[in-house]
Amino acid sequence: MILSIGSQVQLLLTNIIAGFLTGFLFDIYRSIRGFDVSKYIRFVEDILFWVFAGVVVFIFLFLSNYAYVGFQCYAYIGIGLFLYLKLISSFFLGLLKIIFKAISKFTRVFINIILYLIQNLIYIFVKNKKSAKIT
């Protein structure tokens, strides 16, 4: 298939963006996967992640350039992934760490508030029940 220069530049940019997208998904997966599990479960997790990442990249390529996938597309995706991992990944992982810490802290505080309210309701209910028996 013969492509114009504009189409080739668009193909280059969309494939590099697809590589960035793959790196972005990989960083999210890498930060979530931190639990120590058996190698079989980790193997299944890895397979499921790469299938998911492949589907997302295929949909992205399908919407951007009708899923034209030649050798250069794989090379451009690899270049985009490499650039993402070298330039942005460490910053994004630090940001994810901060976000997960904030979510964890918010969840702990929220659960403690809910438990405190439940304890107070139980205390009020038991206190009222005891005072009703006395009179």
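A: Let's start with helices: they are DSSP runs of H or I, at least four residues long, numbered from the N terminus. This is a predicted model, where local features need pLDDT of at least 70, side-chain atom pairs count only at pLDDT 80 or more, and totals for chains, interfaces and linings use all residues. Residues are numbered from 1 along each chain as its sequence is written, and side-chain values use heavy atoms, with hydrogens and water left out.

Q: Where is Asp 27 placed?

A: Asp 27 sits in helix H1, residues 5-32.

Q: Is Asp 27 buried or exposed?

A: Buried means under 20% relative accessible area, using a 1.4 Å probe and protein chains only. Asp 27 has 0% relative accessibility, so Asp 27 counts as buried.

Q: Which side chain makes a polar contact with the side chain of Asp 27?

A: A polar contact is a pair of N or O atoms within 3.5 Å; within protein, one must be able to donate a hydrogen and the other to accept it. Here the partner is the Ser 89 side chain, at 2.9 Å.

Q: How do H1 and helix H2 pack?

A: Two packed helices are described by the angle between their axes and the distance between the axes. Axes are lines fitted to C-alpha atoms over the stretch in contact, and angles run from 0 to 180 degrees between N-to-C directions. For H1 and H2 (residues 39-65), the angle is about 155 degrees and the axes are 10 Å apart. Angles over 145 degrees count as roughly antiparallel, and H1 and H2 are therefore roughly antiparallel to each other.

Technical notes:
Helix = DSSP H or I, 4+ residues; strand = E, 2+ residues; numbered from the N terminus. Buried < 20%, exposed > 50% of the residue type's maximum accessible area, 1.4 Å probe, protein only. Parallel < 35°, antiparallel > 145°, perpendicular 65-115°, else oblique.
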